[in-house]
Amino acid sequence: MPCERKPMRYGHSEGHTEVCFDDSGKFIVTCGNDGDVRIWEGLDDDDPRFITVGEKAYSLALKNNKLVTAGSNNTVQIHTFPDGDPDGILTRFTTNATHVTFNSSGSRVAAGSSDFMVKVVEVSDSSQQKTLRGHESPVLSVTFDPKDNFLASASCDGTVVVWNIEEQSQLISWPLLQKTNDVTNAKSLCRLAWQPGAAKFLAVPVETKVHLYERDSWEHVSTLSDDLLTQLINVVSWSPCGRFLAAGSVGGSLTVWDVNSKLCVERQKHEKGFTVCGLAWHPSGSQIAYTDTEGCLGLLDGLSTSTSSTSSSTKQAPAKTAAGEYDDLFDDDDDRLMDEGLSDTNSPVKKAAVPDDDDDDDFLMPATGRVRNRGAILDDENSLDTGSLKLGQDKFGDDDDAGSAVVPAAAPLVPLRPVYDGPMPTPPQKAFQPGSTPAHLTHRFMMWNSVGIVRGYNDEQDNAIDVEFHDSAVHHAMHLTNSLSHTMADLSQEAVMLACPSTDELASKLQCLHFSSWDTNKEWMVDLPAGEDVRALCLGHGWAAVATSAMMLRLFSIGGVQREIFSLPGNVVCMVAHGEQLLIVYHRAPGFDGDQALGVQLLQVGQRKKQLINGEALPLSHKSYLSWLGFTAEGTPCYVDSEGVVRMLNRSLGNTWTPVCNTKETCKSKSDNYWVVGVHENPQQLRCIPCKGSRYPPTLPRPAVAILPFKLPLCQTSTEKGQMEEQFWRSVLFNNHFSFLSSSGYEVDEVAQTQSQKEQQELLMKMFALSCKLEREFRCVELAELMTQNVVTLAIRYASRSRRMALAQRLSEIALEKANQIQEEEQEEQEEPQYSSVRRPSGFGQSEVTAGRHSSRRHQEEEEEEEQRVEEEEEEEGEMEMETEEAAETRKRVNPFAKEAVSPVKPSLTPIGRVGLGRANPFKVLGSGKPVSSSGQPRVANILDNMTSGRKSSPLCGAAAGKQSKAPVLRPLAPRPKTKTQSTLQLSGTKKSNNKPQENKQQAADQQKQEEAPPPASPADNTENKRPKTGFQLWLEENRKNITADHPDLEETDIIKEAMGRFRTLTADERLSWTERAKGQTGDAADLKKRKRAEGGGEAENENGQAEADENIAKKKKSLDPSSKLSAFAFNKN
């Protein structure tokens, strides 16, 4: 008996919960500790009807559209079903009733109570009651004899009693159970069950077994047991045919026995091991519904209970249901039937196939030893749902009655036709509006999007539509009467669009309320052609689109002008718009095996019309359907499937779909869901409404919106490496919209774009540092390929500090390639006459353009800050040794004004010749990839060790690179620049002697290493006439008097420190204004210096002054936020 266990779902609050089916099997009915009776149209019905019967509901029974409940107010009530109207009180007890049940005809109700009594009441006349007294403790359960003569009850006094109803007397009592004083303390509920139909056996759960007692003789005739069953059995229930018995245990085991063979034919386990306290068979015998003590509801599906198809030796192929049963699959949100394991056992023929339990061994080999008609057996096994079923089952029935092995004459009439046993087609998903709840609800959301909310009310009092805007500045709220019974809506900053289906008299209509119109007529309406219904609609910027049942898509202007029209490749599923983009999802083919086969089109319908995605397949999770489709606030398409997976379009990877979030990972229960209402890329936010136990939120009270984070499903995201990789690629994906918007002619937030690129480069540097630490040098090179040129420079510095010279050499080759690439791009841009209108997409190889070019200087300044931070951390190391990289990452910033140690090694100051663009390349190597140097490897180490960023240098053009024959073209580097304090002291012209020891050290070290190099200029030569003033120096000149007045006893060094503190308290705009003033005063001098250097002048004085000026400017611009610095790069000096 192969069956499928469906996932449990939330049904009621925690506590005892019961379940039953209605007579037709269409509804599952449950009651629970919250006092509600819920009526489910299937396990996945997310909006069940409910009837409140009291504070708590202990038990329920349903027959002939009468619902009987035992509530906490000591009464047994009756309600109509499924309407739920109160129909009176059947009986009362002095305390609460514990169990109620109907007899087989539905004319009587029996109820057991905690006051030790059992009452039998006539449903038609509740005054006719019989009271059965004799138990000495609360009653646990009651059950009617199907022939209505006897009643059995179990009690906490440890006995199971059979009563004669008419005589109100005990026939027999068995002391089978453990004694307790109350139902809540009972080890087992001991829910008895009498075999339906023949009424031959009474089943009594006794510890881990089920005892069967024979009617009339009341003898214990057999015991059903299972070696794997170790927990007490709580509840038992017979199949409608009376052949199988199901049991649920305290430990969550679900067991089904074949009573005739006494074999266990099915074992299942509760997914969380909770106690099963309610059990009910579907009238067809194909399903078992069960409930647990946590208030959850579950289902075993695909049970096969017809006598011709269930045995331990012949397994029946799972039968498939006809497509007609799927009509309301998605509107009612009941996808219970989507699974293959469901047998179509609703036909009366199959119920009749088991008239009573004496026909049990018809599946065995006949006495003659010959197999029965082979064709009939095959047909019965493989085509249970075909017309041949009736013949086959009647044949078996006749055979059983005759007791012979001869096939009756009717058997040859069974057609021998081929049987398809492959995967069955999935019923196609119905069209829906993203952001809406199902149309059958009386109060529903017709649309919830980033603009506002459209609610629909369709009850006895009112049929209306409310429109509410998140921003009331767009428009005030509106209340519209829904006289046309609109079922679809969309909302934009310009209009509200409504649509209704056609009726026998009226055509399908499209109504638009253009509230942003400047004229007085703000409403227009269109009738669709006869036989054509609106299936989906959406509003873009200045236009509207409507998809119809004729597989047509019609475009309208927002004012009502009909525009283009075209056919769709399949039936539409849903459709959304954003600006000029239109995203359509439709059925491109039948799906199989529970999957949907959907196609997607992305069109641009503005001035430049084009198709961006043409009918490609939409990826969905296995056995799921589309539940939401939309655009991010920045205009990137994304969607959510029923498994909770959010996918977003990756334009940089050929318009592929990347999963960015799984909402199910944050759900506490499998039946919980998140209803998505919006997606933002900057900041990264998934806006959705949590729905406990359902797929849709209620309209009242207004649900609260939750924000979920995004997370790419990369491997090993619990590790540091995996986390940084996930953050990096998520940042890359979520910043693709910048290049898309700029290429589409929109303005982009350059600050946010620069910040995101900066974060990406920081993550790359952290991954680089981690790979270095793990000695993964090849991986380091792979990471460097993703970096910009300036960050590769930092990586070279890090590698050389870590004594990884081979890695540093390879990185310098990468830096050279990137520099050449940037130069080629610049030349191409200069050749283009309209270069200023071209926006380049953000990429990993893109670096900043020099300040004199057309692009923004901000990018350059940010990367200067990165370099400056690394510089300062190197300076700090002279004072503070850091043990590990981790400590370096988390440490606080030390005094930024401390004097730095003089570098012990000085690079060669060989002058370079004039180059084409005036920009030196510090990374140029020969064709062999190895630098040639007189001192060999140590010299390379020294150069790399002391490399500072040549910010004003340019990459060598091809011709200039070819002229350098023997020596590597390495940019001569000035001595380590002085700190701000020292520079300002020099400029002030006072206390010059403070700098002489340092200068002498520099000169001594210089002469010691390279005697051929000229000495650096003295501080006296290097004053205002040699280099520009900075904004801070200008500010200090004007405010020196104030500082000396406040602190007359300060020395010059302390005055400058105090001035720096005050200068940093100024606003960013004020500091910028001082910097601009400084540039204005000395701009000509700076330009002159640049020209001189480009002409090949080898004076170290100019190099020295320029480097110091650059350093000071970069330091002033540096962010004060310690968290923003690349603190992972502190090194121990050896």
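Me: Which residues of helix 17 are buried?
Reply: In this predicted model, the buried ones are Glu 1052, Ile 1055, Ile 1056, Ala 1059, Met 1060 and Phe 1063.

Me: And how do they sit around the helix axis?
Reply: Looking down the axis of helix 17, the buried residues fall within an arc of 140 degrees, so they line one face of the helix.

Me: What span should helix 17 have, and what does it have?
Reply: Helix 17 covers residues 1052-1065, and its 14 residues should span 20 Å at 1.5 Å a residue. The end C-alpha atoms are 20 Å apart, which agrees.

Me: Switching to helix 4, how far does that one reach?
Reply: Helix 4 (residues 720-734) has 15 residues and reaches 21 Å from first C-alpha to last, close to the expected 21 Å.

Me: Which of its residues are buried?
Reply: Buried in helix 4 are Gly 722, Met 724, Glu 726, Phe 728, Arg 730, Ser 731, Val 732, Leu 733 and Phe 734.

Me: OK, helix 6 then. At what angle does it pack with helix 7?
Reply: About 170 degrees, with the axes 8 Å apart; helix 7 is residues 777-785. That angle is over 145 degrees, so helix 6 is roughly antiparallel to helix 7.

Me: Which residues meet there?
Reply: From helix 6, Leu 764, Met 767, Phe 768, Ser 771 and Cys 772 meet Arg 779, Cys 780 and Leu 783 of helix 7. By class, this contact has 6 nonpolar, 1 polar and 1 charged residues.

Notes
Residues numbered from 1 in each chain as written. Predicted model: local features only at pLDDT ≥ 70, side-chain atom pairs only at ≥ 80, totals over all residues. Heavy atoms only, no water. Helix = DSSP H or I, 4+ residues; strand = E, 2+ residues; numbered from the N terminus. Expected span 1.5 Å × (residues − 1). Buried < 20%, exposed > 50% of the residue type's maximum accessible area, 1.4 Å probe, protein only. Axes fitted to C-alpha atoms, helices over the stretch in contact; angles between N-to-C directions. Parallel < 35°, antiparallel > 145°, perpendicular 65-115°, else oblique. Contact = heavy atoms within 4.5 Å. Nonpolar A, V, L, I, M, F, W, Y, C, P; charged D, E, K, R; others polar. Arc of directions from axis to C-beta.
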